[in-house]
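Work through the exercises below with the sequence and the model open. Try each task before reading its solution.

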Amino acid sequence: MPAKKKEQTMITREAEPLVTPDATTFTEIGQLLNRALEKGSDIETLERVMTLYEQGQEGLARQQFNHAFAAFQKELPVVKKSKMASFTTSKGGTMSYRYASMDDVVQAVQPVLHKVGLSYWFEQSQQEVQKQKEVELQPGITETRPVTVTVISITCHLGHVSGHSISNTVSGPMDSSGKKNPIQQMSSAVTYLRRIALVGILGVACTDEDVDGFSPDIKTEEEDKPSAYPDGDFQLNLPDWTARIESGRNTVQDIIISMNSKAPATPQQVKHLQSIHRKGH
C-alpha cells in the first residue's frame, strides 16, 4: 500500500509555476492614484495619473505576454505531418504530399499554450470580390471576363491571461476543387485558413514523416509544353481565326498571344496570320 501511494504522488505532481515579470512599477502607479484620490486632486491631475496607470497596466500585460510566449517557444513542439493527400495533375500524372491537419496542430500546441497562460480564438468574415478570369471560348481563343468570387478571411488571435493579445489574418477563395457543394467548399477553405493562421502566429514548424512528396511520373509544365504550336491545330483553327481578324473581333496579336500560352507560334504561322487583315482597312 505505501508503494502504491508513492506512485500516485509522482503521477499527479504539478509543473513548477512560471516566474512572472516584476509588477512593482504597476503597483506604485496604483498607489499614486490612491493618494491623489485621498488628497482630493483636481480632474486634470487625476486624468494624468489615470493615463499613467493605464499605460503601466498595458505595459505590464505586454511584458507578461512576451514572457509567456518566450516560455512557449522554449517548449515549442514540432508538428508531424500525419495526413496524406494525392491528386491527378492536368497532364495525367499523380502528385502526393503529406500535411499537418488542424487536429495535428491543435494536439501539439494546446497543452503547452495552456501551461503558459496563452489561448487562441478565431474570427471569420467574407466578401464578394470582382476579379478578371480568362475563359476559353474554343481551342486557341480566350477572353478575359469579370467574375465575382467569394473571399474568406480568418483572423487568429493569440491572447494571454493578462489581457494582451496579437493577431494574424489570412484570406483565400472558396475551395472549388473536386465535386464539393457550396457548404463543403466554404468548410474546406475555413479549415485550411484556420490552420495557416494558427501556425503562422505561433511560428510552429511542421515536419514530414516522409519527405518524398512527389511521384516519379510527374512532369513540370515546361517539360510537357510542346516546343512549337502544332501545325495540325493551327490549320484546324485558322478559318475561325481568319473570320475573327477580318471582322475585327480579335487582332492578329490576340491570336498569337493565345497560341503562345499553349506553345510558341512558329515564324511561318505568325507570317500567315499577319497576312490576314480586317475587312475595310
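**Exercise 1. A strand pair**

Which residue in β6 is the bridge partner of His157?

Solution. The model is predicted: local features need pLDDT of at least 70, side-chain atom pairs count only at pLDDT 80 or more, and totals for chains, interfaces and linings use all residues. Residues are numbered from 1 along each chain as its sequence is written, and side-chain values use heavy atoms, with hydrogens and water left out.

Step 1. Locate the strands: β5 covers residues 141-160, and β6 covers residues 165-173. Strands are DSSP runs of E with at least two residues, helices are runs of H or I with at least four, and both are numbered from the N terminus.

Step 2. Check the pairing. β5 and β6 run antiparallel and are joined by 9 bridges. Two strands pair if DSSP finds at least two bridges between them.

Step 3. Read off the partner of His157: Ser167 in β6.

Step 4. Inspect the turn. The hairpin has 4 residues between the strands, and Gly163 there has a positive phi near 115°.

**Exercise 2. Confidence**

Find where confidence is lowest and where it is highest.

Solution. Step 1. Start with the whole protein: the mean pLDDT (the predictor's confidence in each residue, from 0 to 100) is 76, and 77% of residues reach 70 or more.

Step 1. Compare elements. Helix α1 (residues 2-11) is lowest, at a mean of 38, while β6 is highest, at 91.

Step 2. Residues 1-19 fall below 50 and have 6 contacts beyond near neighbours in sequence. Residues 209-223 are also below 50, with 19 such contacts. Contact means heavy atoms within 4.5 Å.

**Exercise 3. Helix packing**

Describe how α8 packs against α7 and against α9.

Solution. Step 1. Take α7 (residues 231-247) and α8 (residues 252-260): their axes come within 10 Å and cross at roughly 150°. Axes are lines fitted to C-alpha atoms over the stretch in contact, and angles run from 0 to 180 degrees between N-to-C directions. The two helices are therefore roughly antiparallel (angles over 145 degrees).

Step 1. List the α7 contact. Phe234, Trp241 and Ile245 of α7 meet Val252, Ile255 and Met259 of α8. The classes are 6 nonpolar, no polar and no charged.

Step 2. Turn to α9 (residues 267-274). Its axis lies 9 Å from that of α8, at an angle of about 155°. α8 and α9 are therefore roughly antiparallel too.

Step 3. List the α9 contact. Val252, Ile255, Ile256 and Met259 of α8 touch Gln269, Val270, Leu273 and Gln274 of α9. Here the count is 6 nonpolar, 2 polar and no charged. Ala, Val, Leu, Ile, Met, Phe, Trp, Tyr, Cys and Pro count as nonpolar, Asp, Glu, Lys and Arg as charged, and the others, Gly among them, as polar.

Notes. Angles under 35 degrees count as roughly parallel, over 145 as roughly antiparallel, 65 to 115 as roughly perpendicular and the rest as oblique.
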